[in-house]
Amino acid sequence: IAEGAPAPQEATLTQTLISQPPQSSLHDGIGEETIYLRNVRGGTATGQAVRTYTQDGFGRARFSITTNLPSPAAEGEFYQVWLAEDVDHLATWVPLSILWNREDGYWTDDEYTLPSGALLIDTYYGFSHLVITLETGDSANVTSEDGEVGAKVLQGDFIPLHD
């Protein structure tokens, strides 16, 4: 492969994530929590998410997400990561990021600041659910405000840290 050229896409992914028990080391707003993302569509793809808090973690957190999701089947489809206070109520869903393609699956790793006014909860502690959906359209303008999101693909639950 020429330097700078994109890696070739594989038709099927063979890598699986190493199974480890979920871990949590949160204390005083500093630490990290690892969860596993289960397939909610009956497929074999899975994932893992790590949520890391810093000193000012109430409004900011780092999310590192890795999956072995295959490339979407249709042109214009992409994977969207959501944080939700309540999975059954789309009004509590906040878009986090799209997942980026690499040769062994889809991933994201970045620090995020919770949008002000997104929910009454002003902390990432309130979001105990992480959901990945398969979306179509404009990835820069994803929202749940219209009461619809794409098909759920993967889901995992962080330890609820609020009353």
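The largest nonpolar core of this predicted model has 24 residues, and those with the most contacts inside it are Phe63, Ile65, Leu69, Leu130 and Ile132. A nonpolar core is a set of buried Ala, Val, Leu, Ile, Met, Phe, Trp, Tyr and Cys residues joined through side-chain atoms within 4.5 Å; buried means under 20% relative accessible area, exposed over 50%, and partly exposed in between (1.4 Å probe, protein chains only).

**Core**
- Among the elements giving two or more residues to this core are strand S2 (31-39), strand S4 (60-67) and strand S9 (129-136); strands are DSSP runs of E, at least two residues in length, numbered from the N terminus.
- A second, separate core of 8 residues includes Phe78, Ala84, Ile98 and Val142.

**Salt bridges**
- The count comes to 4 salt bridges, each a side-chain nitrogen of Lys or Arg within 4 Å of a carboxyl oxygen of Asp or Glu.
- Arg51 and Glu33 form one of them, with their closest N and O atoms 2.8 Å apart.
- This pair joins strand S3 to strand S2, 18 residues apart, and both Arg51 and Glu33 are buried.
- Arg62 forms a salt bridge with Asp109; Arg62 is partly exposed at 31%, and Asp109 is partly exposed at 39%.

**Confidence**
- The chain averages a pLDDT of 76, where pLDDT is the predictor's confidence in each residue, from 0 to 100.
- Over residues 5-27, pLDDT stays under 50.
- Where pLDDT is low, the predicted coordinates should not be read in detail.

**Basis**
- Residues are numbered from 1 along each chain as its sequence is written, and side-chain values use heavy atoms, leaving out hydrogens and water.
- Local features need pLDDT of at least 70, side-chain atom pairs count only at pLDDT 80 or more, and totals for chains, interfaces and linings use all residues.

Conventions. Contact = heavy atoms within 4.5 Å. Helix = DSSP H or I, 4+ residues; strand = E, 2+ residues; numbered from the N terminus.
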